[in-house]
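Trainee: Let's go through this structure by question and answer. Please show it first.

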Amino acid sequence: MSKLRLYYWLGVNSCGQKTTGSQLAYSAEQLQREMDHKGIRLHKSIAKPMPFFTSIKHSVNDRQITTFTQQLAIMLDAGLPISLAMQELSQSNSRQGLSALLEELSFQVQQGHSLSTAMQGFSYFDALYLQFVRIGESNGDLAQALNYCAEHREKNHQLIKQIKSALIYPLSVLIVACIVMIIMMIFVVPQFSSLFRSFGAELPALTQFTLDASQWFQAHIGTILIATAVVSMSVHILIRKIPTVRRQCAQLLLKLPILGPCILVGELARFNLLLCNGIQAGLPLLSCLDNAIGAIHNPFLKHKLSGIHHQIRAGSSFSLALSSVSLVPPLMLKMLNIGELTGRLAFMTEKLARLFEEQLNESTNKIGQLIEPLMIVFLGSLVGGLVLSMYLPIFSLMSAVG
């Protein structure tokens with residue numbers, strides 16, 4: 001796979017003067033073409049990985065690829081040749097990374113390669129994207145295929161965004177709560193400890209418990225941080241390296257009381273959306289199924305769905321094979337069965353995708369409405385309990401003095 005690199009070069013310009021500079025390019029050959037275009041005779045170049053800030057400013061992301069797909073589809077639909085459309089998009093783009101990508105694709109197309117072949121060398125274009133492009137090239141309607149691809153990417157992005165929004169809020173609140181508690185235990189509570197010792201009286205049970213917990217935190221904070229880091233890294237490595245562990249964690253995630261159903265609905269919406277787009281684009285059912293399963297993020301659900309391949313190849317209907325996956329709701333099985341019997345499977349998968357999208361919207365809204373007050377109560381109880389435990393002895397002293 002070609003990677004975007006920062007090339008530092010030395011050359012001679014058209015006036016015979018030595019000149020130096022830097023240029024983002026995917027290969028030394030692309031750098032040479034760029035220098036020839038500028039009238040610079042290249043003498044030497046060194047490729048370096050992109051610096052962090054340059055990467056943030058000029059790297060290519062999924063949103064840019066979706067925008068490029070939409071723009072290319074519009075230009076092709078307007079009757080522009082693909083090579084000219086690619087050149088126009090490359091020259092009109094201000095981000096060097098994307099501009100370099102489009103220039104390289106345009107060059108390869110001009111050299112006689114198909115667009116799908118040119119895109120294979122870049123990780124920005126996944127297997128499903130390439131499938132859409134190949135279908136458009138084979139049936140002569142590349143603009144329509146790119147429109148389907150852009151629509152799929154846009155909807156998929158919205159689904160992922162909704163699932164993440166449902167997960168980020170409670171996790172961020174919990175992290176903030178832990179940070180606040182640690183700061184108070186290490187820095188705030190010890191300030192009251194010397195004051196309370198000067199009272200020479202027995203402290204309330206809540207205050208004594210808080211002071212003991214603070215002393216324990218101060219004595220073991222290094223061990224706690226190291227143990228947390230070691231455990232987190234170990235779990236991360238186990239999940240990444242061992243598929244069984246990864247699937248078991250994913251299964252537990254789907255069993256969570258509130259977030260689990262939300263995650264499952266989002267996965268099923270994406271699964272049906274990809275099936276619909278693939279069928280509408282003319283892909284065989286097994287290829288559509290491969291692409292749809294490949295878009296599933298949950299390893300446990302992906303593993304379960306992957307097991308229906310051999311049943312379909314053995315002659316089983318799609319809905320019957322899918323019924324072996326217990327996570328698939330009965331309504332989805334019934335609608336897919338009707339779609340197979342009536343020859344309108346694409347229509348049914350589109351309806352299912354919309355249905356699950358609506359359910360996901362409702363679920364994320366309900367989760368937000370439910371979790372927000374719970375998090376407020378949790379944070380209030382945590383911080384309020386700590387503050388109350390610190391002021392109870394003071395209130396007792398003031399009552400005694402009064």
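Trainee: At what angle do the axes of helix α4 and helix α5 cross?
Mentor: Keep in mind that this is a predicted model. Helix α4 spans residues 82–92 and helix α5 spans residues 96–110. Their axes come within 8 Å. The crossing angle is roughly 160 degrees.

Trainee: Is α4 roughly parallel or antiparallel to α5?
Mentor: Angles over 145 degrees count as roughly antiparallel. The axes here cross at roughly 160 degrees. So α4 and α5 are roughly antiparallel.

Trainee: Is the crossing of α4 and α5 left-handed or right-handed, and how does the contact divide by class?
Mentor: The crossing is left-handed. From α4, the contact includes Ile82, Met86 and Leu89. These meet residues in α5, among them Leu102, Leu105 and Val109. By class, the contact has six nonpolar, six polar and one charged residues.

Trainee: Which residue forms a salt bridge with Arg33?
Mentor: The structure holds six salt bridges. In the one with Arg33, the closest N and O atoms are 2.7 Å apart. Arg33 sits in helix α1, and its partner lies 71 residues away in helix α5. That partner is Glu104.

Trainee: Across which strands does helix α1 lie?
Mentor: Helix α1 covers residues 28–38. It runs at about 130 degrees to β2. The strands it lies across are β1, β2 and β3.

Trainee: Which strands stand at the edges of the sheet, and why is one side of each left without a neighbour?
Mentor: The sheet is open, with three strands in the order β2-β1-β3 and antiparallel pairing. Each edge strand has a single partner strand, so one side of it has no neighbour in the sheet. The edge strands are β2 (18–25) and β3 (41–48).

Trainee: Which residue in β2 is the bridge partner of Tyr7?
Mentor: Strand β1 takes in residues 5–12. It pairs with β2 in the antiparallel sense over eight bridges. For Tyr7, the partner in β2 is Gln23.

Trainee: Are α10 and α13 roughly parallel or perpendicular to each other?
Mentor: Helix α10 (residues 243–254) and helix α13 (residues 299–306) have axes 7 Å apart. They pack at an angle of about 105 degrees. Angles from 65 to 115 degrees count as roughly perpendicular. Therefore α10 and α13 are roughly perpendicular.

Trainee: Which residues in α13 does α10 meet?
Mentor: The α10 side includes Arg246, Arg247 and Leu254. The contact divides into four nonpolar, two polar and two charged residues. On the α13 side, the residues are Pro299, Phe300 and His303.

Terms used:
Residues numbered from 1 in each chain as written. Predicted model: local features only at pLDDT ≥ 70, side-chain atom pairs only at ≥ 80, totals over all residues. Heavy atoms only, no water. Pairing = 2+ DSSP bridges. Helix = DSSP H or I, 4+ residues; strand = E, 2+ residues; numbered from the N terminus. Contact = heavy atoms within 4.5 Å. Axes fitted to C-alpha atoms, helices over the stretch in contact; angles between N-to-C directions. Parallel < 35°, antiparallel > 145°, perpendicular 65-115°, else oblique. Left-handed = near helix turned anticlockwise from the far one by under 90°. Nonpolar A, V, L, I, M, F, W, Y, C, P; charged D, E, K, R; others polar. Salt bridge = Lys/Arg side-chain N within 4 Å of Asp/Glu carboxyl O.
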